[in-house]
Amino acid sequence: MTMTMTDTTDSGEPGTTAISSVPTVTVVVPTYHEVENLPHLVARLQLVRSAGAFELELILMDDDSRDGSAELVASLGAPWVRLVTRKVNRGLSYAVLDGLKLSTRDLLVVMDADLSHPPEKIPEMLAAVLNGADVAVGSRFAEGGTTADDWGLFRWLNSRVATLLAFPLTSVSDPMSGFFAMRRSTFMSGQDFNPVGYKILLELIIKCRSKLVVDVPIHFDNRRYGESKLSFREQLRYVQHLRRLYIYKYGTWSHLVQFLLVGVSGLAINLLALTALLAAGFPEKTAIAGAIVISMLWNFFLNRRFSFSYARERSIVKQFIGFVAACSIGAIVNYFTTVSLWNIIHYKQLAAIVGVLAGTFFNFAANRFVIFRIKHIKA
Ligand SMILES: Nc1nc2c(ncn2[C@@H]2O[C@H](COP(=O)(O)OP(=O)(O)OP(=O)(O)O)[C@@H](O)[C@H]2O)c(=O)[nH]1
Ligand SMILES: [Mg+2]
């Protein structure tokens with residue numbers, strides 16, 4: 001039922017563009033040293049294509065692998081397969097973003113080249129998108145999804161922890177997935193793309209403000225050929241990326257959560273320091289004062305590095321003086337709040353808790369809006 005005609009106006013590639021009754025799709029695949037996998041990937045995608053439900057093209061975004069990938073694609077002589085050699089701004093996430101920008105089609109799919117992701121699932125994912133999903137995610141962890149048997153405990157745990165950390169951002173069951181589909185219009189609505197590391201799906205879900213994210217269970221196979229490019233460094237980048245996305249999505253709330261987490265860690269440091277100083281034989285009052293100073297320094301440096309990292313370029317001396325002043329005034333706010341509630345509230349501990357909360361919020365507000373105020377955002 002597909003009619004094709006020659007057209008050079010609306011397609012990314014000169015040649016034939018489909019004017020068809022079926023939706024048009026671009027499959028974007030980032031590649032780096034995947035020459036052994038490419039023939040298999042193309043063959044399996046060809047089967048999906050020939051089912052005829054979608055007009056499908058494949059764009060391989062290759063970071064100049066020089067492993068024969070470009071020659072192989074040229075030798076295929078398949079007009080629906082294109083390889084783009086990238087020499088600048090390398091990296092998986094930018095390869096994907098650039099590939100998505102090249103498409104002129106209705107629907108977009110992103111997947112790996114290593115045959116971990118079953119191309120046969122693409123129609124189901126596209127159907128979910130056509131039925132209203134903003135993003136359809138090929139998920140290993142949704143009901144019915146599976147992974148290769150030899151996934152060790154570490155890899156499994158790693159994936160689960162990563163999913164849990166992303167939960168406040170999106171409830172998708174497999175946020176680390178590299179296999180997903182969306183409309184091009186959804187992608188085009190996204191702004192401020194600024195991914196760190198490997199996990200472009202989360203970036204797209206948040207920055208395209210996707211609401212309905214649908215899981216499509218998949219069997220995730222181990223890569224057949226070639227080597228994994230996923231390193232421990234990438235895992236650290238993932239945490240860094242999550243932090244950026246939290247700040248993007250939750251703004252001041254994310255600063256507050258970081259501030260509170262630093263506060264809790266400061267309490268632990270205070271107790272540790274106190275124990276250590278007492279054990280070292282310091283007099284009690286010196287130990288108490290020493291523990292306070294150590295935990296205050298700890299809190300200051302962590303808040304400057306994380307909670308209010310956008311203000312790192314400004315004078316550390318001024319910030320430190322401001323921080324100590326805010327802590328002291330916070331303590332006074334705590335004191336007067338507790339005292340004024342003392343006779344009103346029956347449980348004195350409750351009065352003290354409200355005092356601590358009032359002091360903490362004062363402290364946060366003073367830090368966030370005065371000492372570490374935003375001049376220009378740099379997430
Ligand atoms: N263009 C480009 N593609 C990359 C880069 N790093 C990885 N890729 C591709 O991105 C996809 C995912 O990379 P993988 O190494 O399979 O990472 P993974 O799936 O997390 O790990 P394994 O499947 O266990 O190897 C593959 O198609 C890679 O070829 C890169 O720097 N640039
Ligand atoms: Mg892979």
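**Figure 1. Salt bridge between Arg86 and Asp98 in the predicted model.** In this predicted model, Arg86 and Asp98 form a salt bridge whose closest N and O atoms are 2.8 Å apart. A salt bridge here is a side-chain nitrogen of Lys or Arg within 4 Å of a carboxyl oxygen of Asp or Glu. The pair links distant parts of the chain, 12 residues apart: Arg86 is in the loop between strand 5 (81-85) and helix 3, and Asp98 is in helix 3. Helices (H or I, at least four residues) and strands (E, at least two) are DSSP runs, numbered from the N terminus. Arg86 is buried, with a relative accessible area of 4%, whereas Asp98 is partly exposed at 25%. Buried means under 20% relative accessible area, exposed over 50%, and partly exposed in between (1.4 Å probe, protein chains only).

**Figure 2. Salt bridge between Glu57 and Arg105.** The side chains of Glu57 and Arg105 meet in a salt bridge with an N to O distance of 3.8 Å. Glu57 belongs to strand 4 (residues 55-62) and Arg105 to the loop between helix 3 (92-102) and strand 6 (107-110), so the pair ties together parts 48 residues apart in sequence. Both Glu57 and Arg105 are buried.

**Figure 3. Salt bridge between Arg223 and Glu34.** The closest N and O atoms of Arg223 and Glu34 are 3.1 Å apart in this salt bridge. Distant parts of the chain, 189 residues apart, are linked by the pair: Arg223 sits in the loop between strand 11 (219-220) and helix 8 (232-250), and Glu34 in the loop between strand 3 (24-31) and helix 1 (38-50). Arg223 is partly exposed, with a relative accessible area of 23%, while Glu34 is buried at 5%.

**Figure 4. The network around Glu34.** Glu34, Asp114 and Arg223 are linked in a network of salt bridges. Glu34 and Asp114 are 80 residues apart along the chain, and their C-alpha atoms are separated by 6.9 Å.

**Figure 5. Ser69 and its contacts.** Ser69 is found in helix 2 (residues 69-76) and counts as buried at 2% relative accessibility. Leaving out residues up to four places away in sequence, Ser69 touches Glu34, Val35, Leu38, Asp62 and Leu83. Contact means heavy atoms within 4.5 Å.

**Figure 6. The whole protein, for orientation.** The secondary structure comes to 12 helices and 11 strands. The radius of gyration is 27 Å, well over the 21 Å that the globule rule gives for 379 residues, so the protein is more spread out than a compact globule. This radius is taken over C-alpha atoms, and the globule rule is 2.2 Å times the number of residues to the power 0.38. The C-alpha atoms fill a box of roughly 85 × 40 × 40 Å along the principal axes. Of the 379 residues, 43% count as buried. Residues 24 or more positions apart account for 73% of the contacts with a separation of 6 or more. By the salt-bridge rule the count comes to 12.

**Notes.** Residues are numbered from 1 along each chain as its sequence is written, and chains are lettered from A and ligands numbered from 1 in the order in which they are written. In this predicted model local features need pLDDT of at least 70, side-chain atom pairs count only at pLDDT 80 or more, and totals for chains, interfaces and linings use all residues; side-chain values use heavy atoms, with hydrogens and water left out.
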